[in-house]
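This briefing sets out the computed features of one protein model for a reader working from its coordinates.

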Amino acid sequence: WCKRSLIIGPCFFFLGFGLGKVDQILPKQHYSKLVALERKAGIEFELEQRLRPTNLYDRYYIRLKKYNNTKTTGRLLLQLKKNTTETDLDYSKKWTTSGKLKVIQAPLNPGQFDYKHYLKTIGIYHQFEIDSFPTAVKNQKANFFLQSKAFTINRLKKSSLNTATKQ
């Protein structure tokens, strides 16, 4: 019994380590294999989640569909400057815009929360910064689950909830 556990223990260790490494391998179509940072590029995307806005930006997690008209995959942090007069983006649509792909900044102070590392753990490696409001792609809708999410959010916006509780 003791010899068996000496063999089985390391086998499970290496199996777990190997599976962890395989999980981190990016697919061939991942946007990071096509991009040049800090250059203007066009993207097509679907919204995943709206984040709390900062003083300067509205922020979203997005799922990338095309990068410079090339089909691709991946997730990004989208930052939209607040100087636009438009309202929120709709989850039920696909969107297109142009902007710059940037590296997410690491923390500047020791002991500060490492937002870059957190985003990396959820599969987001870059941010996309845009100045103008995205345009909806004609005749294309997001998948069923995102359309359901959009319907629920629109119903909540029209409800009698206080504006302070909506964010």
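Leaving aside neighbours within four places in sequence, Gln 79 is in contact with Tyr 57, Asp 58, Arg 59, Gln 127, Phe 128, Glu 129 and Ile 130, where contact means heavy atoms within 4.5 Å. Gln 79 belongs to strand β4 (residues 75-81); strands (E, at least two residues) and helices (H or I, at least four) are DSSP runs, numbered from the N terminus. With a relative accessibility of 10%, Gln 79 counts as buried; buried means under 20% relative accessible area, exposed over 50%, and partly exposed in between (1.4 Å probe, protein chains only).

The model is predicted: local features need pLDDT of at least 70, side-chain atom pairs count only at pLDDT 80 or more, and totals for chains, interfaces and linings use all residues. Residues are numbered from 1 along each chain as its sequence is written, and side-chain values use heavy atoms, with hydrogens and water left out.

**Overall architecture**

- The protein has three helices and seven strands, and from the N terminus on the elements run α-β-β-β-β-β-α-β-β-α.
- Of the 167 residues in the protein, 29% are buried.
- Among the contacts with a separation of 6 or more, 71% are between residues 24 or more positions apart.
- The accessible surface comes to about 11,800 Å², and carbon and sulfur atoms contribute 56% of this area; accessible areas come from the Shrake-Rupley method with a 1.4 Å probe, and for residues only the protein chains shown count as cover.

**Salt bridges**

- The structure holds five salt bridges, each defined as a side-chain nitrogen of Lys or Arg within 4 Å of a carboxyl oxygen of Asp or Glu.
- One of them joins the side chains of Glu 48 and Arg 63 at 2.5 Å, N to O. Glu 48 lies in strand β1 (residues 40-50) and Arg 63 in strand β2, so this pair ties together parts that are 15 residues apart in sequence.
- Glu 48 is buried at a relative accessible area of 16%, whereas Arg 63 is partly exposed at 35%.
- Arg 50 and Asp 58 also meet through their side chains in a salt bridge, at 3.7 Å, N to O. Arg 50 is partly exposed, with a relative accessible area of 25%, while Asp 58 is buried at 15%.
- Glu 129 forms a salt bridge with Lys 102, and their closest N and O atoms are 3.5 Å apart. Because Glu 129 lies in strand β6 (residues 124-130) and Lys 102 in strand β5 (residues 93-103), the pair ties together parts that are 27 residues apart in sequence. Glu 129 is buried, with a relative accessible area of 15%.
- Salt bridges that share partners join Glu 48, Arg 63 and Arg 75 into one network.

**A buried arginine without a salt bridge**

- Arg 59 is in strand β2 (residues 57-67). Arg 59 is buried yet has no salt bridge, and the nearest side chain of opposite charge, Asp 58, is 8.0 Å away; in this count Lys and Arg are positive and Asp and Glu negative, while His and the chain ends are not counted.
- The side chain of Arg 59 reaches the backbone oxygen of Arg 52 at 3.1 Å.
- Not counting residues up to four places away in sequence, Arg 59 touches several residues, including Gln 49, Leu 77, Gln 79 and Tyr 115.

**A buried histidine in a loop**

- His 30 is placed in the loop between α1 and β1 and is buried, with 4% relative accessibility.
- Beyond residues up to four places away in sequence, His 30 touches Thr 72, Thr 73, Gly 74 and Tyr 125.
- His 30 and Lys 65 are 35 residues apart along the chain, and their C-alpha atoms are separated by 10.0 Å.

**Surface patch**

- Leu 6, Ile 7, Ile 8, Phe 12 and Leu 15 form a nonpolar surface patch with about 540 Å² of accessible area together. Patches are made of residues with over 30% relative accessible area and no salt bridge, with like charges joined within 9 Å and nonpolar side chains (Val, Leu, Ile, Met, Phe, Trp, Tyr) within 5 Å.
- Leu 15 is located in helix α1 (residues 2-23) and is partly exposed, with a relative accessible area of 48%.

**Backbone geometry**

- Most residues other than glycine have a negative phi.
- Asn 68, in the loop between β2 and β3 (70-71), has a positive phi of about 50° although it is not a glycine. Asn 68 is partly exposed at 43% relative accessible area.
- Asn 69 is found in the loop between β2 and β3, and its phi is positive, near 65°. Asn 69 is exposed, with a relative accessible area of 75%.

Terms used:
Polar contact = N/O pair within 3.5 Å; in protein donor to acceptor, adjacent residues only side chain to side chain.
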